[in-house]
Amino acid sequence: MQMLNQAIQTAMQQMQGGFGQQFGGFGGQIPEAQFEQLSELVSERLREAIREKVVDAVHHRLMEAVKDRVRDLVRQRLGQELRNAFLEGFGPGGFNLETVTNRLTERFSEVVHERFVEVIRERIGDALRERLHNTIRETLSEGPTAQFFDWNTTDSIALRIRERIEPEIRERIVNMARERLRETIRERVQQAFRERLPEALNAAISQAKAKGGDFEVIVMLVRDKLIDTLERRLGEGMRDRMRELVRDGLEEGVRERLREAVRTALTERFVGGQPGGGMGYYPVFGGQYGGQYGGQYGGQNGGFMMEQLRERIIENVRERVGEAVRERVESLVKQKIEDSLRERLGGALRSVCAEQVTLGGGFNPEQLVDGLRYRLVETLQYDLVGAFHESIGDAVRERFGEAVWNAISQR
């Protein structure tokens with residue numbers, strides 16, 4: 001970092017000596033070679049700062065959110081999964097603990113994995129947004145670059161850079177969570193069940209016999225004895241793994257987008273659209289549309305013109321983004337429902353039928369419907385919400401810029 005700061009300082013001195021007086025720092029055009037040098041050095045400085053300051057902050061925010069959501073999940077779903085596993089693992093000789101453990105591990109770890117990915121998808125944007133913006137702004141306003149950026153300029157550039165790199169980082173972290181966490185969660189859930197289930201089941205059966213409790217009492221007693229162990233095991237397993245995926249997601253996203261984001265932000269802010277050239281094609285601020293709108297937005301008709309522009313942007317975004325979302329959602333819903341049911345319906349049917357056989361009374365259609373609804377509706381809901389979030393996000397990102405540009409290009 002010290003060598004990088006020295007390099008930036010040298011570059012700044014060269015820029016000041018070569019053309020700083022002529023253009024007032026960044027008041028005018030910048031020769032392209034020096035602009036590229038500045039852009040590259042700022043990118044390297046930001047990359048280092050993001051690595052040092054953002055990873056731990058984002059990791060902490062995500063772990064707090066995951067901890068709360070997993071605690072709720074364990075209390076809501078563990079009893080149901082225990083009930084299903086006990087029914088499937090019950091035979092003439094009593095409970096087959098190996099079968100019960102395997103069923104519990106398979107189903108509960110999948111539920112936990114879905115919830116983890118859901119929480120990360122929901123919270124990663126907020127966790128990144130604030131910390132990224134502050135880190136970029138602080139880095140630009142400190143050290144050798146500080147003399148060239150006032151507060152408003154620094155905040156504006158930080159906003160532009162953050163908006164360009166955040167979506168890439170967010171998507172990479174979510175995808176890594178989906179790919180990397182499943183096996184870790186499964187291992188931790190299995191360890192917890194193998195460690196505590198035999199003891200918890202024996203104690204629960206003894207208590208139920210002593211107090212005259214039934215099957216549901218046993219399920220609840222076992223659940224209560226497993227909760228703390230599950231929460232502890234999952235917390236221990238996720239802490240390092242989550243930090244690793246946040247770090248890797250940040251580094252990959254920054255590597256892909258930061259250099260381009262810095263160059264674009266500096267170009268838009270200081271050079272008016274293109275380094276080394278005149279004002280670019282940016283409406284209102286100069287170039288192709290400067291003569292048409294420049295005076296109108298600044299004069300007595302400014303409010304009217306801004307209102308017109310606002311309405312055109314709303315209309316274009318509504319039509320273009322709405323069309324993209326409609327195209328994606330119709331096929332997405334059908335495919336996601338089919339995929340989710342093909343994956344889970346067979347196991348749910350076996351579980352419901354085993355429950356009816358165990359409890360006696362023969363085949364009951366109403367109980368079958370209720371059992372399937374209880375086992376599948378919430379999971380299906382989570383699958384659809386996750387798919388919607390990703391698909392709609394892609395559609396908005398693809399069409400939003402196009403829609404706004406079309407609006408401001410209209411005469």
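## Helices and salt bridges in a predicted model

The protein chain has eight helices and two strands; both are DSSP runs numbered from the N terminus, with helices (H or I) of at least four residues and strands (E) of at least two. This is a predicted model, in which local features need pLDDT of at least 70, side-chain atom pairs count only at pLDDT 80 or more, and totals for chains, interfaces and linings use all residues. Residues are numbered from 1 along each chain as its sequence is written, and side-chain values use heavy atoms, with hydrogens and water left out.

Let us begin with the whole chain. Along the sequence, the pattern of the protein chain reads α-α-β-β-α-α-α-α-α-α. Of its 411 residues, 44% count as buried; buried means under 20% relative accessible area, exposed over 50%, and partly exposed in between (1.4 Å probe, protein chains only). Take the contacts (heavy atoms within 4.5 Å) between residues at least 6 apart in sequence: 80% of them join residues at least 24 apart.

Now for the charged side chains. Side chains of opposite charge can pair when their charged atoms come close. A salt bridge is a side-chain nitrogen of Lys or Arg within 4 Å of a carboxyl oxygen of Asp or Glu. The whole structure holds 39 salt bridges, and the table shows some of them.

| Residue | Partner | N to O distance |
|---|---|---|
| Arg69 | Glu122 | 2.8 Å |
| Glu118 | Arg115 | 3.4 Å |
| Glu195 | Arg233 | 2.5 Å |

The salt bridge between Arg69 and Glu122 links distant parts of the chain: Arg69 sits in helix α2 (residues 32–88) and Glu122 in helix α3 (residues 97–141), 53 residues apart. Arg69 counts as buried because its relative accessibility is 18%, while Glu122, at 37%, is partly exposed.

Glu118 and Arg115 are both in helix α3, three residues apart, which is about one turn of the helix. Glu118 has a relative accessible area of 11%, so it is buried. Arg115 is buried too, at 4%.

Glu195 is partly exposed, at 36%. Elsewhere, salt bridges that share partners join Asp126, Arg129, Arg162, Glu166, Arg170 and Glu171 into one network.

Finally, look at Thr229, in helix α5 (residues 215–271). Thr229 counts as buried because its relative accessibility is 5%. Leaving aside neighbours within four places in sequence, Thr229 is in contact with Ala192, Glu195 and Arg196.
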